[in-house]
Amino acid sequence: MKNKINIARRLTKYQTVIADTLRDIYGHQADFDHWLAEIFALVTAAIDQRPAYLLDLDQVRETRDQDWYLRPDMLAYMCYVDRFAGDFNGVEKKIPYLKDLGVSYLHLLSALKPRAGHNDGGFAIADYYAVNPRYGTMDDLVKLTRVLQANNISPCIDFVFNHTAMDHEWARKAAAGERRYRDFYYFFDDEKTVQDYEANLAQVLPETAPGNFTYIEAAKSWVWTTFYPYQWDLNYRNPAVFMEMVKVMLFLANRGIEVFRLDATAYLWKEKGTNCLNLPKTHKLLQAFRAVMSLAAPAVCLKAEAIVGARYISKYLGDPAGNRPECQLSYHNALMAALWDSLATGQVTRMSAMLKSLPRNPPATSWITYLRCHDEVGWGALTDDQGAPWAASNDDLQKLNDFYEGKCDHSFARGQSFQVSSTHSFHGTTGTLASLAGLEAAMAAGNNRDITMALRRINLLYKVIFSFGGIPLIYMGEELGLFNDYDYNRDDPERDGRWLHRPALATTVRGGEIFSALAEMARLRKRQQLLHANVPTVIIDSGNIHVFSFIRKSEAGTLLVLANFSPEPQPLNSVWLGKHDLARPLIELFTDTAYDLAQGVMLAPYQGMWLQAQE
Ligand code: GLC
């Protein structure tokens, strides 16, 4: 009964939003009204079929738990199911491990059925209604989501909606010439059109998949393939595509998925004469997906994976006032790249200026803060197409690439360059957190001082992403300090460089230490209401180019975060601290030490501090 009332209320609230948003995209279609009615019929059917325990979750999150994904007890972990635990049942057995770490959100990579053979690490889906057969069955996945939920861990999977595998039924029918399915993709008969588009497009994988189009012999045409030739971009100009993908999302939401990671979000809409990134209609589509989910499954959260320049990422959270919401969460790839930049240069100037230039997030949205994931560190985030003063030059990026490849004398890193040999150079760097932060090199040299410094770097980076605002994300194996897997081509010579940082979970010599430090950080974070994502993050100038600093402030108090990115001790003076009304006793939360900031502070090499002002 309670649920029924809520659903009726939601319908009143979202019906018009859905209709208006979709009209903006598809309103010109002759049969729009009929199509819209079908969308509503799908949503109504999905609500009818939604299991009672998920309806209850919807109700709880709508009424008294709206901020569940913003709270400081949220900690995300992402893993390849096989490399973490074999299969879905194996993941269930590892729940105690995740709980020890403090994890409350689990992103399972490659959960759905990918094409056989090469599939871009699971990002070429052959069937959205089936799971990866190597991991188990759909029933196993549903069972796993339920056990995770019983353990207060929110399940997340990838929603690969920019493209399907060329082996997907729609693509096969399209290649065979079926009109309806040809319109699901972007087919072009003439090379001239392809070249016209190509002239404005960047390349994501210039070495292993050059160009954005693939010639399909059977269809005697070119098809749009932003990523690998076997990943065919979907044509969202066709309302049938939107409808099919909504159907998929509703189906999976009803299987207990709480967070959808919207893969390659920035590429959805294409427009001739543009770079086909971040286009207004892409945002409209996201608003439509969001409104549909708010109606059909409000317990669900959408997370944007938009690996684009800093000025574009927060747009995936919706407009600043929150009138046209899109995703509740978005990867902060600019922060991620800037952290690595700061670690290499020992200076935080670019990172601070870039972050200061970003608008405040819309209400009830936040970041996924992270250091590494299954993809490369993309240096493009440090550039800016409108010439912002903080933007890195090509020369800066070349230096970063060299640094993380371990090419220069003072480098501690053991990474590799990714997709750099074409004109689209400086693309990125691959490598695990521990290898990029210097632990691999230090351990190989058996140098204790260097080992200590590497462990400090790891700890420093985590102290920033655990306090910055949003959900911190641990990428599988970081908690144990896993090194690069140099043997990644052993079974498959065609694997691209990102497999360097996709090793299977294994025990390591320093793993215990890193794990405990992270678990301790998660415990501290959980209790700290100033780390709730609703509390704004204000970047401040520390007066020292090596020290990154920001304040989290609410009626509950003030938390000052200081992070020394240099290998030398760094002082902060009392004048600066006074300016920010912080010249009073503060407690450093990790060491429980009181600091009288009127005296200034000295930070040890790579030291991070969380200082709480006593009100
Ligand atoms: C996303 C994924 C990446 C994949 C690409 C295409 O960026 O994270 O691994 O290659 O999308 O699906």
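I began with the contact of two helices, where Ala334, Leu335, Ala338, Leu339, Asp341 and Ser342 in H14 meet Arg350, Met351, Met354 and Leu355 in H15, contact being taken as heavy atoms within 4.5 Å. I sorted the residues of this contact into 7 nonpolar, 1 polar and 2 charged, with Ala, Val, Leu, Ile, Met, Phe, Trp, Tyr, Cys and Pro counted as nonpolar, Asp, Glu, Lys and Arg as charged, and the others, Gly among them, as polar.

I note that this is a predicted model, in which local features need pLDDT of at least 70 and side-chain atom pairs count only at pLDDT 80 or more, while totals for chains, interfaces and linings use all residues. Residues are numbered from 1 along each chain as its sequence is written, and side-chain values use heavy atoms, with hydrogens and water left out.

For H14 (residues 333–345) and H15 (residues 349–356) I noted a packing angle of about 160° and axes 8 Å apart, the axes being lines fitted to C-alpha atoms over the stretch in contact and the angles running from 0 to 180 degrees between N-to-C directions. H14 and H15 are therefore roughly antiparallel to each other (angles over 145 degrees count as such, and those under 35 as roughly parallel).

I then turned to H19 (residues 448–465) and H20 (residues 511–527), whose axes come within 11 Å and cross at roughly 25°, so that H19 and H20 are roughly parallel to each other. On the H19 side I listed Leu455, Ile458, Asn459, Tyr462 and Lys463, and on the H20 side Glu513, Ile514, Ala517, Leu518 and Met521; the residues of this contact divide into 7 nonpolar, 1 polar and 2 charged.

Next I looked up Thr432, which lies in the loop between strand E17 (428–430) and helix H17 (433–436) and is buried, with a relative accessible area of 7% (buried means under 20%, with a 1.4 Å probe and protein chains only). The side chain of Thr432 makes a polar contact with the side chain of Ser435 at 3.1 Å and reaches the backbone oxygen of Leu482 at 2.7 Å; a polar contact is a pair of N or O atoms within 3.5 Å, one able to donate a hydrogen and the other to accept it.

Last, I checked two residues for backbone phi. Asp120, in the loop between strand E3 (112–114) and strand E4 (125–131), has a positive phi near 55° without being a glycine, and Asn278, in the loop between strand E11 (259–262) and helix H12 (280–296), has a positive phi of about 60° although it is not a glycine. I noted Asp120 as buried at 12% relative accessibility and Asn278 as buried at 14%.

Terms used:
Helices (H or I, at least four residues) and strands (E, at least two) are DSSP runs, numbered from the N terminus. Angles under 35 degrees count as roughly parallel, over 145 as roughly antiparallel, 65 to 115 as roughly perpendicular and the rest as oblique. Buried means under 20% relative accessible area, exposed over 50%, partly exposed in between (1.4 Å probe, protein chains only).
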